[in-house]
Amino acid sequence: MSAREVFLTLLVSLVVYGVLVRVCEADDGLRKNFYKNSCPKAEQLVRNITWSKAQSDDKLGAKLLRMHYHDCFVRGCDASLLLDTVGTNQSEKDARPNLTLLGFEVIDDIKTQVDKLCPNIVSCADILALAARDSVSFPFKQDKWDVLTGRRDGKISLASDVTGNLPSPFSDFNTLRQIFANKNLNVNDLVVLSGAHTLGVAHCGAFSRRLFNFTGKGDTDPSLNATYAETLKKQCPNPANPSTTVEMDPQSSLSFDNHYFAILNQKMGLFQSDAALLTDRNSAKIAIQLQSKPNSDNFFSEFGKSMKKMGAIGVLTGNVGEIRKNCRQVN
């Protein structure tokens, strides 16, 4: 083989290799096993620590999934939510919708242990994305969705950024659709990710208006199942006790499954934003489809796809951002 032929063969091989590498990467620069060479045991360590903590806290999945969601919808999945307030500018963490978030100490602990293994390599943003997945997956002892990695940490966190970016439990369908569209998420993603409400609890104040003063006339939201509304009124008498919580998915708030869609279609969605999904023909149809298979397989598949899209919102990669030494403060 001549030198020219050798060169051309090598060139073709490099092109093919480059294509294959790009296929394995997301358009945003994230990829599977990002730390394969720099910290090969990182993802396993995050899983081990998270599963250990989930064993003694059956609500950890709800806590970390919500935290990941709240982080990604404001400034992207850059762990800006984890930053503490410095000076007079309040951080995202201190915005009203985030005051009830729990689990920050879990992310701190994981970061500390990962950095002992590989100092200044793994970002807080990736740790949060992985721990959210691992905490939900713990009861199944297998990953419920793939998490691409390679995120870097943001340096800005402002409470003022939360309003208008994070969907509210009081949002109507058009508002929800627009907020999701702003993040390159479609109506299917909106409905599927709302299925995360199968885990966790909510404070009475997030829905008490539906029970006692829906239109300002002391009435109950007519879109709420009447029997369920009476049950909620007993659990959350007016005025709402700020410390009282109720399950978002009655009798199933510790199980990651498609049960949320069953109660949603019985008009037992807890929030106005839940009920709003039934006011649009397309989203209502999706909700029925996600309920249709009792074994939740369809929901799990769709949830994994939507989580992959959500986990790529506004990510910082390459040389943008930083790898924080402490998840609560910039370097």
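**Rings, core and annotated sites**

Analyst: Phe299 and Phe300 are both buried, where buried means under 20% relative accessible area, exposed over 50% and partly exposed in between (1.4 Å probe, protein chains only). This is a predicted model, in which local features need pLDDT of at least 70 and side-chain atom pairs count only at pLDDT 80 or more, while totals for chains, interfaces and linings use all residues. Residues are numbered from 1 along each chain as its sequence is written, and side-chain values use heavy atoms, with hydrogens and water left out.

User: OK. How many aromatic pairs are there?

Analyst: The count is 15. Rings of Phe, Tyr and Trp (its six-membered ring) pair if their centres lie within 6.5 Å; planes under 30 degrees apart are stacked, over 60 edge-to-face, and the rest tilted. One of the pairs is Phe34 with Tyr35, which is edge-to-face at 5.0 Å centre to centre and 85 degrees between the planes.

User: Is Tyr35 buried or exposed?

Analyst: Tyr35 is buried, because its relative accessibility is 3%. Phe34, at 28%, counts as partly exposed. The pair of Phe299 and Phe300 is tilted, with 6.0 Å centre to centre and 45 degrees between the planes.

User: Which residues form one aromatic cluster?

Analyst: Phe140, Trp145, Phe256, Tyr260, Phe261, Phe299, Phe300 and Phe303. Lys144 lies over the face of Phe300, 4.0 Å from the ring centre. Its charged end also sits over the ring of Phe140, at 4.4 Å from the centre. A charge sits over a ring if NZ of Lys or CZ of Arg is within 6 Å of the ring centre and within 35 degrees of the ring normal.

User: New topic. Which residues touch the most other members of the largest nonpolar core?

Analyst: Leu82, Ile107, Phe207, Leu270 and Phe303, in a core of 91 residues. Such a core is a set of buried Ala, Val, Leu, Ile, Met, Phe, Trp, Tyr and Cys residues joined through side-chain atoms within 4.5 Å. Helix 5 gives the largest share, nine residues; helices (H or I, at least four residues) and strands (E, at least two) are DSSP runs, numbered from the N terminus. At least three core residues come from each of domain 1 (41-161) and domain 2 (173-311), with bounds from an automatic or database domain assignment.

User: How far apart do the C-alpha centres of the two domains lie?

Analyst: They lie 23 Å apart.

User: What does UniProt list for "binding site"?

Analyst: The unreviewed entry lists Asp71, Val74, Gly76, Asp78, Ser80 and Glu92. They are spread over 22 residues of sequence but cluster in space, the largest C-alpha distance being 12.2 Å. UniProt positions use the numbering here, feature names are shortened, and annotations may be inferred rather than shown by experiment.

User: Where is Ser80?

Analyst: In the loop between helix 3 and helix 4. Ser80 counts as buried because its relative accessibility is 0%. Beyond four places in sequence, its contacts include Glu92, Ile156 and Arg324.

How values were computed: Contact = heavy atoms within 4.5 Å.
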